[in-house]
Amino acid sequence: MDPRRPPRTVPDPKVRHVGFFAPGADAPPPPDRSNSAPPDPLSSSPPAAAHLTPPGTSISPVMIPPPRHSAAPLSPRRRDSFIVGSYSGKRFLDVGSPTASTASATDDWALPTSADSAWVGDTVGAGASSLPPVGSAAMIAKGLASSVPATAGLTAVSNVHRSAGVSGKPSGAASKVQGDKPKQSKPLKEKTTKAERRALQEAQRAAKAAAKGVGGKASVHMSEVVLASDVESVEVPKAHFQRNDIAAVNEKKVIDRQLEKDRKKDVPQPRMQYDDKSRVEKAKKRAVLKQTEARNRVELFRHLPQYERGTLLPDLQSRFFQLDPVHPAISKVGFQYLSGDISGSNARCIAMLQAIREAIIDYSVPPGKALVRDLTSKIGSYVSFLIECRPLSISMGNAIRYLKNRIAKLPLTLSESEAKATVVADIDRFIHDKIILADKMIVKHAVTKIRDGDVLLTYGSSSVVEMILLHAHELGKQFRVVVVDSRPKLEGQLLLRKLVGKGLSCTYTHINAISYIMHEVSRVFLGASSVLSNGTVYSRVGTACVAMVAHTFHVPVMVCCETYKFHERVQLDSICSNELGDPDVICKVRGRDEINFLDGWTNGNNLQLLNLIYDATPSDYVSMIITDYGMVPPTSVPVIVREYRKEQLWI
Amino acid sequence: MDFQVVVLAGGTSKELVPLVSKEVPKPLLPVANRPVLSYVLEQLELSNLKDLIVVVEGEDAALRVGGWISGAYVDRLHVEVAAVPEDVGTAGALRAIAHHLTANDILVVSGDLVSDVPPGAVAAAHRRHDAVVTTMLCSTPISGPAESGSAGAKDKIKKPKRFNIIGLDPTKQFLLYIASGAEVEKDLHIPKSILRAVGQMDIQADLMDAHLYAFKRAVLQEVLEQKPNFHSLRQDVLPYLVRTQLKSEILLNGTPQAEENGHEKFTSRGNQAIISQILANASTPRFHEVYESIHNGSPTAQRTHKCCAYIASNSKYCVRLNSIQAFSDINRDVIGEANHLSGYSFSAHNNIIHPSADLGSKTTVGPHCMLGEGSLMGDKCSVKRSVIGRHCRIGSNVKIVNSVVMDHVTLGDGCSIQGSIVCSNVQIQERVVLRDCQIGAGFVVSAGSEHKGESLARKEK
């Protein structure tokens, strides 16, 4: 079938664990295919028969349709193991611990039931889901479900024929997927396990290919790995189980649709990939703003949103009064984001929280609605408006999550005014505790690292670094500051103005002189937009360069970052997730109109301008992260993320 | 969006005599067969602003305007019409209705503005900067007839009608100085503090104040109250606010102002603040400032206030109907280059001929023309770049070029009308030649007469 397939099938532990899902896929495959399938040399899996599960004793209560064949009772042990695998969730699977995967795979084999055609459909759908890990979890769940009913077929599994028989009931959805590849490719002799696994895998692939889904692309393109929280992973399989029940009864189509819906609900949406045309089209329809995409985008960054800057603000402004659902405070903040009046992670976050706070104060529950739900959706709409103005920073995402969480946890017994007061107080507390107080703590910690005679280098304009420097100056420490800046924003000048105004002795230079100036520096203080759980520091573009040079010169690099900016995401480069700024500003020099060599060139097709906003500094170059919980090495970030999360959820 | 809209419709403007009269106050002056006020109202409606206060000078005029609005906009807009005495000026008009204003921000629009600039843009700029006043500036229209302008018309272009001297900061977002040309005899006086704070100021004379303002309500009310002699928004209130933007004497955020002796200190500190505020508006307000300013009312930085300007792009149409020349210009443009404003759909020949209009044989109506309903034209007429109102009776062999003919006008055979404005119910007898004339309502031009550059009107009885 697919030329590619065979090579892929070649056993690879990870692949195998993927194959685990195969049972679902297996069941449906039509006999013809099985015939056509080339023999596969595999059989690592134990005989299917042993695995066969008794239908009556279905593993999960949720499960399903009565088994067609009577099956040999599944051994309890086996079942357990299987369950464990599935419940443990994607993480387990992802890790691909060999034992787990094998166990699960074997179990799967047992499953094939004709009823499963529906299941297959599910799998396909899951495959399409953009987040690979979640998807896999879902699939596992399905596999589990399917495994229960089928039995007789399983035993036979080892033979191609048998498997074919099992699969005999082709379902529309399933058939599609399989048509491409599934069983046929599978080796007959193999203990079906491998074959099935493969089939599943292939089905998955086919689904992925078929699904315009951004997700697929995302997974391919991105080096970013999103680790879903444990909670999520657990939830997903459950949801799928329920779905499966219903699905079994219904037609495939219905199922598919349902799955689609559920998937949307359960699985966190992957970040939008802007190189996916169809998605972009859809998003545009929803958008409040009319966003014209920039034409000449750098190939590598096509997946990031980039619009013609010029058009956005005027368009939004002209429709100012049509922005009905948006509270004035929100729209104001939106304008400020859009026009760059507010930048800087802390400032943006505070501005957003203040605006939401105002909106909540003015909010009243519409009749017949519950405050919790309505307010949540309201805030959701505000946030999506803000996102259209400028993509949210990670810290803002955290703040919003916190807020929504607090709202969701509001006791139902509260009156409207009480509830509002509670939420407002929560917002105030967040600003105070997580930002203001956190900054004070950071300043307190960081100042201990400044000694007389130090030469401190900082890059750009970080509010917390500024506070540190000023505070150290107030304490009477004798030190010198090197402010490194870069075009096009030249934010360093703002910082410089404040420092000089306070009487600090400063040196100002641009980043192209960094290697020269680094000789005399004894410490580097950097701000951050976010710190990710692998210790990567996500910050204003240029930070990585500064940190790297400092590292080479053996100058300690301290990153100052409030913990509310931490995120459990892992990111290895600054490509997969970033923000694109206005490309025009890098080819124009403020105040020097005579530098216009690039005027008009940007309209051509062979020049693309790239103005990245952020970059990722690998943890290797970071000596220490100064947070409100103290000074920690980058490797301790996950700990803080974990603890902090808990605290946030159960304050 | 928490904006309240006030439309200053005006009354019987002296500058537009003889076009306006008791029967036809300025807001109802037809532009392409629609009252000029409708252009503003529709622009507002387009922006989803449906609660309006229309202020009209004079009781009679108010009644007429109110009657027309209720007929034309029933079920579409919620309009309150307020009558104010004549000659109170724009500031006086606002003062009179000040107690009706409740929203945080007030959008004040002149009723004679014919523009396709969305008012939302001004409001958004106002909000974004948290300004005290935001004004819309547009490039000064080139007046006079377009291509076909004769030598005489060219002279008119040269004569600056009314130009403003406007000072802007380098980002062209803040208003630092404003004066209308008439007041500026020889020198400009610009407060040193502003210059020092801003460092660089662009002075432009090619911009026009479009009379579309967004005010902070509290500030507006206070200024009107404290300065009872202020007569006009454009000439008094706006320059006052701009002049004092660094040493604000108005209260903000509703907090009473500190006593006067603290004033000096505020100025110097205000300068400091303005350096960061005005100079580099690209600068990010440090978040603690954001936070604290919200929490402790008015820190020193807030002793200043911001006056913003929104400059309409050149591609937008924006003209005020404040002179006879402007009237014919607007009529020409609305059926010509700015025809999207008229709200009519143009025929293939780029003109609008109402189906009920009756054309004689060999009569031609050129592009950029408009012929109202029920009008009759005789044979061998020629109409170019002109607007003809409803129910006109036009004889044979009539030439109408670059003119505006309002409703119920009778034109005898063999007339030639160029560059003129003929108001309603005028009777023009045979073989009259008019060139660059304005004929007031109800006038009778006797047969065979020739007029050039005259303004003819019936004597008021």
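In this predicted model, pLDDT (the predictor's confidence in each residue, from 0 to 100) stays under 50 over residues 144-160 of chain B. That stretch still has 16 contacts beyond four places in sequence, a contact being heavy atoms within 4.5 Å. Residues 252-302 of chain B also have pLDDT below 50, with 83 contacts beyond near neighbours in sequence. Where pLDDT is low, the predicted coordinates should not be read in detail.

Two notes on reading what follows. Residues are numbered from 1 along each chain as its sequence is written, while chains are lettered from A and ligands numbered from 1 in the order in which they are written. Because the model is predicted, local features need pLDDT of at least 70 and side-chain atom pairs count only at pLDDT 80 or more, while totals for chains, interfaces and linings use all residues; side-chain values use heavy atoms, with hydrogens and water left out.

**Confidence**
- The mean pLDDT of chain B is 75, and 80% of its residues reach 70 or more.
- The model scores ipTM 0.70 and pTM 0.64.

**The two chains**
- Chain A has 31 helices and 11 strands, and chain B has 11 helices and 32 strands; helices (H or I, at least four residues) and strands (E, at least two) are DSSP runs, numbered from the N terminus.
- Of the 651 residues of chain A, 57% count as buried, and in chain B buried residues make up 56% of 461. Buried means under 20% relative accessible area, exposed over 50% and partly exposed in between, with a 1.4 Å probe and protein chains only.
- In chain A, 81% of the contacts with a separation of 6 or more are between residues 24 or more positions apart. For chain B, 57% of the contacts between residues at least 6 apart join residues at least 24 apart.
- Chain A exposes about 26500 Å², with carbon and sulfur atoms supplying 57% of it; chain B exposes about 19600 Å², with 50% from carbon and sulfur atoms. These areas come from the Shrake-Rupley method with a 1.4 Å probe, and for residues only the protein chains shown count as cover.

**Nonpolar cores**
- A nonpolar core is a set of buried Ala, Val, Leu, Ile, Met, Phe, Trp, Tyr and Cys residues joined through side-chain atoms within 4.5 Å. The largest one has 53 residues, of which Leu29(B), Phe327(B), Ile394(B), Ile428(B) and Ile439(B) touch the most other members.
- Elements giving two or more residues to this core include helix H1 (36-46) and helix H11 (324-335) of chain B. H11(B) gives the most, with 5 residues.
- Beyond its neighbours within four places in sequence, Ile394(B) is in contact with residues including Leu376(B), Cys381(B), Ile400(B) and Leu411(B).
- A second, separate core of 44 residues includes Leu338(A), Tyr382(A), Val423(A) and Ile435(A).

**Sheets and strands**
- Two strands pair if DSSP finds at least two bridges between them. In chain B, 7 strands make an open sheet with parallel pairing, in the order E15-E17-E20-E23-E26-E29-E32.
- The edges of that sheet are strand E15 (352-353) and strand E32 (455-456) of chain B, each pairing on one side only.
- Within the sheet, E20(B) and E23(B) run parallel and are joined by 2 bridges, and Val387(B) stands opposite Val404(B) in E23(B).
- Elsewhere in chain B, 5 bridges join strand E8 (residues 133-139) to the parallel E13(B), where Ala309(B) is the bridge partner of Thr135(B).
- Strand E13 (residues 307-311) of chain B has 4 of its 5 residues buried, so it is largely enclosed by the rest of the structure.
- Chain A has an open sheet of 4 strands with mixed pairing, ordered E8-E5-E6-E9.

**A helix in chain A**
- In helix H29 (residues 543-552) of chain A, the buried residues include Thr543(A), Val546(A) and Ala550(A).
- Among the elements covering the buried residues of H29(A) are strand E1 (454-459) and helix H28 (514-517) of chain A.
- Just after H29(A), His554(A) takes a positive phi of about 60°.

**Cysteines**
- Counting a disulfide as a pair of cysteine sulfur atoms within 2.5 Å, the total over all chains is 0.
- Cys415(B) is in no disulfide, and the nearest cysteine sulfur, that of Cys381(B), is 9.6 Å away. Cys415(B) is buried, with a relative accessible area of 1%.
- Cys369(B) also counts as buried, at 0% relative accessibility.
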